[in-house]
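Hi everyone, thanks for making time this morning. Let me put the sequence and the structure up on the screen, and then we can walk through a few details together.

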Amino acid sequence: MDTLIQIRRELHQIPELGFQEFKTQQYLLETIAQFPQDYLNITTWKTGIVVKITGSNPSKTIGWRTDIDGLPISEETGLSFSSTHEGKMHACGHDCHMTIALALVKAFATTQPRQNVVVYFQPAEEGPGGAEPMLNWLKTERPDLLPDEIYALHIAPEYPVGTVATRAGLLFANTSELFIDLKGLGGHAAYPHKTRDMTVAAANLILQLQTIVSRNVNPLDSAVVTIGKMTSGTVQNIIAENARLEGTIRTLNASAMAEVKRRIEAICAGIEASFECDITIDYGSMYYEVNNNEQCANQLLAFAESFEDCQAVTCSAAMTGEDFGYFLKEIPGALYWAGANCEYGLHHAKISPDEDLLTFNANFVEQFIRSL
């Protein structure tokens, strides 16, 4: 097996979007094929992979999940191993996640674990969402590959390498994408009275959407409504017939998510009436909250406290979204933040995690799973 750093860098060069991870899947399969095969059973699902390692004296099955897709971001790191796929980048650390998972498969393939271990290389975490359909496939077609408990990690640029940060209960938010399309009537800029201007309508809509959190969500709850992109019009002297808003919704409970969506729909209905236009709403990918099982999270933190050179942190909940929540909705488990010591945050075009995190977390997770 190549060094972890080399593997991570090779994966970093071939980021692919959700359910398009063909090169990635091939790379993973070719790498796993180099390991001892005595204890391994390898299954593919779409562009994902499930590797079951048979334990020597199993009383349960432990799951480990990694995500494998990249983001539609043009890389700006200037690294010698930058993405070779234009407009795509591993800007969320999935290259690191996969490398650690490969290290686990090799370790358990070489030295058999006591428990059965299943490693899930899951596609499409960034969208449209691979966890829920993968879990449905496991439940309906391959229940033999379901674990009794399941774990995962996500890199955290703000923490130093060696940090294991998690908490029992809610860790990540409920999330939903938000796409709003407005259609009016275009026309010459000199004759605005003959048109229905969707740039003006969209601008008014954006301002009204910002009142939802401040005036409709309980102040003791937490929610975010962010519009990250607006497009409208074609040229400077034509009034826009169409406009599109793209954004995200984050809440820390399901009832707040329902209230936010109710208000979005009511505000859009008002804009339709005010500006005599048609509006359609698409919530895109919706991810369930990451809610760590209390026992699993506490035993993970307790192990971290005893692990050499590890800093165990009981962290606060975050508005981050992760479709691992679908696994935790059905199976006891926990996710933790893995310190990555990086100046730039997740989804930034210049993010470059400290590669020391690879060996530390590969060792930490291997020993933790062997302890269960």
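This is a predicted model: local features need pLDDT of at least 70, side-chain atom pairs count only at pLDDT 80 or more; totals for chains, interfaces and linings use all residues.

Let's begin with the helices. How are helix 8 and helix 10 angled where they pack? Helix 8 covers residues 294–306 and helix 10 covers residues 356–371, and they pack at an angle of about 120°, with 11 Å between their axes. That angle makes helix 8 oblique to helix 10. If you care about handedness, the crossing of helix 8 past helix 10 is right-handed.

And who makes the contact? From helix 8 we have Gln-299, Leu-300, Phe-303 and Ala-304, and from helix 10 there are Phe-364, Gln-367, Phe-368 and Ser-371. Sorted by class, this contact of helix 8 with helix 10 has 5 nonpolar residues, 3 polar ones and no charged ones.

Now for the charged side chains. How many salt bridges does the count come to? The count comes to 15 salt bridges, and I've picked a few to show you.

Take Arg-8 and Asp-95, whose side chains meet in a salt bridge at 2.9 Å, N to O. Arg-8 sits in helix 1 (residues 4–12) and Asp-95 in helix 3 (residues 94–110), so this pair ties together parts that are 87 residues apart in sequence. Are these two buried or exposed? Both Arg-8 and Asp-95 are buried.

Next, have a look at Glu-322 and Arg-65, which form a salt bridge through their side chains at 3.1 Å, N to O. This pair links distant parts of the chain, 257 residues apart: Glu-322 is in the loop between strand 16 (311–314) and helix 9 (325–330), while Arg-65 is in strand 3 (residues 61–67). Here too, Glu-322 and Arg-65 are both buried.

My next pair is Arg-262 and Glu-259, with a side-chain salt bridge of 2.9 Å, N to O. Both residues belong to helix 7 (residues 254–275), and they are 3 residues apart, about one turn of the helix. Arg-262 counts as partly exposed because its relative accessibility is 46%. Glu-259 is also partly exposed, with a relative accessible area of 24%.

Let me finish with a group.

Methods:
Residues are numbered from 1 along each chain as its sequence is written. Side-chain values use heavy atoms; hydrogens and water are left out. Axes are lines fitted to C-alpha atoms, for helices over the stretch in contact, and angles run from 0 to 180 degrees between N-to-C directions. Helices (H or I, at least four residues) and strands (E, at least two) are DSSP runs, numbered from the N terminus. Angles under 35 degrees count as roughly parallel, over 145 as roughly antiparallel, 65 to 115 as roughly perpendicular and the rest as oblique. A crossing is left-handed if the near helix is turned anticlockwise from the far one by less than a right angle, and right-handed if clockwise. Contact means heavy atoms within 4.5 Å. Ala, Val, Leu, Ile, Met, Phe, Trp, Tyr, Cys and Pro count as nonpolar, Asp, Glu, Lys and Arg as charged, and the others, Gly among them, as polar. A salt bridge is a side-chain nitrogen of Lys or Arg within 4 Å of a carboxyl oxygen of Asp or Glu. Buried means under 20% relative accessible area, exposed over 50%, partly exposed in between (1.4 Å probe, protein chains only).
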